[in-house]
Amino acid sequence: MSVSVVIPLFNGAEYVVRAIESCFMQTWPEVQVVVVDDGSADNSLEKVRGMVPPDGKSILLLEHQKNKGTFAARATGVNGSNGKYVIFLDPDDILSKDCASSLWQQMEVEKAEIGFFGMAEEGRRGLSASSRLPRLVEGDEILSEIFLESKNPSWGIGGKCVSKDLAVRALKCLEYVDKRFILAEDALFVFACAALAKKMAVVERDLYFYKVNAASITKSPDRVMERDAQFALALEYFDKLTAKEISENRNFTKAKKRSVSILKGSRYANRRHVDGYLKCCGQAWGETGNVKFLMAALLCSLTLGMVRK
């Protein structure tokens with residue numbers, strides 16, 4: 001049976017080929033690569049269409065006519081996949097050659113619905129995240145282990161493998177997500193999966209290698225306002241997380257409360273960058289009289305007023 005790798009893609013022409021090639025190089029014989037183009041404006045589609053999978057591998061290209069966000073792209077990918085298990089890969093990252101085979105074997109041994117494995121920054125193997133992998137638990141304790149017991153909850157989508165059945169069930173509980181959702185969207189999805197899963201697996205090796213993208217919404221100093229709006233959206237969606245199938249988990253209330261607390265703290269920290277930006281703009285205006293700084297500060301103030309409602 002096959003393993004599916006879902007890759008959400010938006011203007012990633014410069015690196016997506018490398019990500020897909022890492023999937024084609026998997027030692028597991030049956031791998032389906034599902035690429036969801038989320039309204040790219042560059043030549044991402046041409047790059048993907050030009051790729052020919054080797055024997056045993058296949059590629060499925062799905063398209064959004066307009067940009068709907070990472071959450072929607074991954075959901076489209078899950079629904080279009082045909083593998084028993086789904087691995088999520090960002091288009092600027094790569095998988096080790098034995099990623100699919102290692103996960104398949106461990107998921108089968110544990111009869112698991114969700115699996116966790118190590119990640120490392122590419123080229124910096126010493127900074128492995130494997131030391132932060134969860135303990136092997138089951139039932140309601142899976143949610144607790146990820147969202148309560150860990151000092152730094154591993155709620156990113158990287159380093160996770162889920163059965164397609166579990167992914168579909170989780171998305172069914174999150175059908176209310178109706179806006180472009182690109183920050184902490186994976187936290188919401190992983191929360192739902194962890195709350196629903198009964199068995200888990202852990203592979204204590206780095207199988208996923210990522211690049212730090214300075215232009216991403218989580219890193220770019222120029223996207224503080226967008227981050228604030230997305231944090232607000234994440235908080236709204238966590239508040240709406242009330243599906244009976246998920247809320248029946250005995251650790252649901254505490255785990256949800258802690259997740260919301262972390263998101264609020266992250267939003268507050270991000271707003272400190274906004275305040276610093278406004279201060280710098282004011283200083284620059286006072287020193288140079290440059291109208292561009294004044295207009296930037298005014299626009300930032302107006303936008304901040306809208307997202308703080």
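Student: In this predicted model, why is Asp 228 called buried?

Tutor: Asp 228 has a relative accessible area of 0%. The cut-off for buried is under 20%, so Asp 228 counts as buried.

Student: What makes the contact between Arg 267 and Asp 228 a salt bridge?

Tutor: The N to O distance between the two side chains is 3.2 Å. A side-chain nitrogen of Arg within 4 Å of a carboxyl oxygen of Asp meets the criterion, so the pair is a salt bridge. Arg 267 lies in helix α10 (residues 252–288) and Asp 228 in helix α8, 39 residues apart.

Student: How do you know whether Arg 267 is buried or exposed?

Tutor: Its relative accessible area is 14%. Buried means under 20%, so Arg 267 is buried.

Student: Why is Met 225 called buried?

Tutor: Met 225 has 16% relative accessibility. That value is set against the limit of under 20%, and Met 225 therefore counts as buried. Met 225 is found in helix α8, residues 224–239.

Student: What makes Glu 122 and Arg 18 a salt bridge?

Tutor: The closest N and O atoms of the pair are 2.7 Å apart. The criterion asks for within 4 Å, so Glu 122 and Arg 18 form a salt bridge. This pair links distant parts of the chain: Glu 122 sits in the loop between β6 (114–121) and α5 (141–149), while Arg 18 is in helix α1 (residues 16–24), 104 residues apart.

Student: Why is Glu 122 called partly exposed?

Tutor: Glu 122 has 28% relative accessibility. Buried needs under 20% and exposed needs over 50%, so Glu 122 counts as partly exposed. Arg 18, at 28%, is likewise partly exposed.

Student: How do you know that Lys 84 and Glu 108 meet in a salt bridge?

Tutor: Their N to O distance is 2.7 Å. With a limit of within 4 Å, the pair therefore counts as a salt bridge. Lys 84 is in the loop between α3 (70–80) and β4 (85–88), and Glu 108 is in helix α4 (residues 99–110), 24 residues apart.

Student: What makes Lys 84 partly exposed?

Tutor: Lys 84 has 32% relative accessibility.

Student: How many salt bridges does a search of the whole structure find?

Tutor: The search finds 21. Asp 178, Lys 179, Glu 236 and Lys 240 are linked in a network of salt bridges.

Methods. Residues are numbered from 1 along each chain as its sequence is written. This is a predicted model: local features need pLDDT of at least 70, side-chain atom pairs count only at pLDDT 80 or more; totals for chains, interfaces and linings use all residues. Side-chain values use heavy atoms; hydrogens and water are left out. Helices (H or I, at least four residues) and strands (E, at least two) are DSSP runs, numbered from the N terminus. Buried means under 20% relative accessible area, exposed over 50%, partly exposed in between (1.4 Å probe, protein chains only).
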